[in-house]
Amino acid sequence: MKNDFHRLADDLTARVSGDEVLLLNFAGETTDFIRFNQSRVRQPGHVQQRYLAIQLVDGQGQRQATTQVTLTGDLDEDTRRTVKVVDDLRQRLPQLPKDPHIFYATEPTSSQQEAASHLPATSQVVDEVLAAGAGRDLVGLLAQGGMYRGFANSFGQRNWSTTHSFNLDWSFYLREDKAVKCGYAGVEWDGDDFRSRVDTAVEQLALLDRDPKTIPAGRYRVYLAPVALADYVGMLNRGGFGLKAHRTRQSSLLRMATDGVCLHDAVTLMDNTRDGVAPNFQADGFLKPDSVTLIDAGAHADCLVTPRSAREYGVDTNGASAGEGAASLDLAAGDLDAADVLTRLDTGVLINNVHYLNYSDRPACRITGMTRFACFWVEAGQIVAPINVMRFDETLYRVLGDNLMGLTREREMILDSGTYGGRGSVSSCFPGALVEDFNFNL
Amino acid sequence: MIETVEKHFRDLSPAVDFCSLRLVSRQDEVIEVRQDILQPVTFDDDVGAMITVVDAGGLGYAATSDLTASGLRHALERATRWARQTAATAVVDHGKVGHPAPVGDYSCAVERPWSATPLVERIDLARTECGRLRTDDRIVDWSASLWWIAEQQLYLTADGGRTMQRFEYLIPGLSVTANEGSETINRRFGGFDLGRQGGLEILDDVHFFDQAPAIADEVLQLLVAPNCPTGTMDLLLDPDQMYLQIHESIGHPLELDRILGDERNYAGTSFVTLDMIGSYRYGSDLLNITFDPTVADEFATYRWDDDGVVADKQYIIRDGILERGLGGITSQMRAHLPGVSNSRACSWNRPPIDRMANLNLEPGAASREDMIGAVEHGIYMKRNLSWSIDDSRNKFQFGCEYGRMIRDGELAEVVKKPNYKGISGTFWRSLKGVGNADLFEVLGTPFCGKGEPNQVIRVGHATPPALFGDVAVFGGE
């Protein structure tokens, strides 16, 4: 795909007139999606898609017209079609008012990240998954294949990223809503690693067979496992980190930025592009720095700034993508040994997964959601019983502030299994957190 | 293009038990004016096809944006391979699902086509409304948007089926944000709850041009309002919250694929089990819920679902009793129960699954005054702000943008950050008032997420306001 994209880009950028600027963003994938239920195959299939976003800026840099089209993969046909699309955009430009916030990279900084595929045949992975599900109730999705991202502009910049990966996101169900959630993602399938994860899940499944405990609403000491903590803190990607959200006073971290409210000094949060899996370039051609520190030792640090926000508010961009969210969220490790978590928890709730989070009071950064999958009641440092699902409603200022007892030394790399529109490249790296007085309200 | 793709498909002559092609061509245009500045206008043009094969009892699909003869042939080969490879391990014998071969055309009604209005005038519509939103210095952000979608869908089966459906949608939106100190309040109109089928006539139908001053006034009221109190009280919900309540606590738990377990790894399961269908008391006698893909301007109106099944109106809950679930032909066969024509895919690159389409609360007999007058101690809430519910669709917590106390049958002071929580079954059985047909509003959201791989799709919900008793209500921090 890279060669086709570059040839198409060369052709289109050669056709710009005068001082016009052309920006091209390519996103493609070839993916096998195999859906499972009850340890059988529910829906198997394959998706091949190629999208090209085209942005044409007029010679004065004051107006821009944008579009996204589907490409067929036939270079001649795609060239014919996109040449016409660029002409159509050119016709649109005079109809648009001036846009004072247009901002794009003008100094070419080309880059290339290409990895060869080490993926086995999907049918082989399917066989291993079905074998793991034999005698059990396995449900989930395998997504496997290549993902391709490209950028090009009329200044000669070319960026490309190819990855070949799998993401098996599954659960073992015992009965009703009692289940263990599992994930295995990467670029090389290792059958031993997979079976080890299966064995660990099966051990947890045995714990779920105990009579469940319904705990009354109230405040409890809890341990939020890395995946649960990443989901909870990940809510900040919905309007917490962006400069636009801050300047329009809508950020859920507004009280940190304006009132000087601080979190626990163990909390250092970054958008860590260097160690993530997302491309290091964005739609306007800017490269992302290796990392942007968002919260530094409990204090608010930088915002994520798109080129458009940079122009609007008169600051520098740090290469943020649209939406100003972190694609590689990274919470620094603490000093709590994971082996000591249950002992330190003593009596409380072990939360492995959370579900359906939302702000219940955004200015207070209060977030509600549910426990889900394997969550347990712990007494005297021992797992006693699975809990029936509980609703929590708790502000981040307490969870990562006064009520934070500690973060684990060990962290987990979590590759997002999201596939809305296409396979995502979001990841996060999180420790677990021991939290006092966590509020369950239903 | 349509003729070419159809010819390519007919030429394939697949030697399988069943084969279909679903071609989706979709154009989107989004116009947003924020703080009186036009944001980049996006115009997307997406086209592709999915070929589905059933053979030897297995099912496979392959989706491609390569619509050439060779592209479709490769897709057919992949789909066939997956069908045959997984036939022995499939969760259901797909060969026993009776796939119809429908024939016909459908076009939604459009009075004032979007494309017949020049771009400059479309921009002006949004710009004018945006300009009416900032009525006070405390308003720190404001915007107006118009999102237009046109979609054509061709469905072909190898045994002669051919349907063509054409839709246009419009989703208007307004948003205003006010701030004082570290308190920030939003008020919105539309944007994600007001999608309908049709053209620019929708703007008049939903009174779009009356909304800017109203929400600007309300956001300033809310900025200085007291926090919503905590307590158990009656709750009157306007349609722009009712749609969400129906969606989350009736629609999703009744999807047969959830009940059958397909969604347990992602969206979740359901507190409803198959044996409850036909007898379970879901709500009070006032609760009448219909699946109705025939309402002319509602968001998910269509003639055939994506398995080619004719769409018709069905009662889901009648007089409070659950009558049937929401499942297409595959789920119906798996569950051995009747369902509805709701097998739908969000686009060409995702396979059909059970979705809600239009799910409506049928009007009752109460006027707004009747319902307010019946409340001794309660609260009126409107416009959804926050939503969360458990994976069995039982324990929910929802928040609204605007609240107003009701005392002794009269509306009283405005309160900010109103939230409420409950259990789905308990909540619907506390339904004690349903607005009449004059109060019935057609709403819909373009953002219903579900499925593996993930799909976000349009669903419609038409509903009057409704009154509930003894609900746990609370406010912000």
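1. Being in contact here means that the C-beta atoms, placed from the backbone, lie within 7 Å. For chain B, the figure with those cut-offs is 75%. Keep in mind that this is a predicted model, where local features need pLDDT of at least 70, side-chain atom pairs count only at pLDDT 80 or more, and totals for chains, interfaces and linings use all residues. As for labels, residues are numbered from 1 along each chain as its sequence is written, while chains are lettered from A and ligands numbered from 1 in the order in which they are written.

2. Chain A has 10 helices and 18 strands, and chain B has 10 helices and 24 strands.

3. What about overall shape? The C-alpha trace of chain A spans about 75 × 55 × 30 Å along its principal axes; for chain B the spans are about 70 × 55 × 35 Å.

4. Burial is worth a look too. Buried residues account for 54% of the 442 in chain A and 58% of the 477 in chain B. To count as buried, a residue needs 20 or more other C-beta atoms within 10 Å of its own; 12 or fewer makes it exposed, and anything in between is partly exposed, with C-beta atoms placed from the backbone.

5. Where do the chains meet? Chain A puts 74 residues into the contact and chain B puts in 65. On chain A's side, strand β2 (residues 40–57) gives the most, with 11 residues. DSSP has to find at least two bridges before two strands pair. In this region, V69(A) stands opposite D45(B).

6. Check out E452(B), in the loop between β22 (441–450) and β23 (455–463) of chain B. Why is E452(B) called buried? Because 28 other C-beta atoms lie within 10 Å. Leaving aside neighbours within four places in sequence, E452(B) contacts R35(A), L141(A), N265(B) and Y266(B). The C-alpha atoms of E452(B) and E263(B) are 7.6 Å apart, although 189 residues separate the two along the chain. A cis peptide bond, with omega about 0 degrees, joins E452(B) to P453(B).

7. S39(A) is not a glycine, yet has a positive phi of about 60 degrees. S39(A) sits in the loop between β1 (21–37) and β2 of chain A, and is buried, with 21 other C-beta atoms within 10 Å. D437(A), also not a glycine, has a positive phi near 55 degrees. D437(A) belongs to strand β18 (residues 427–440) of chain A, and is partly exposed, with 14 other C-beta atoms within 10 Å.

Conventions
Helix = DSSP H or I, 4+ residues; strand = E, 2+ residues; numbered from the N terminus. Contact = placed C-beta atoms within 7 Å.
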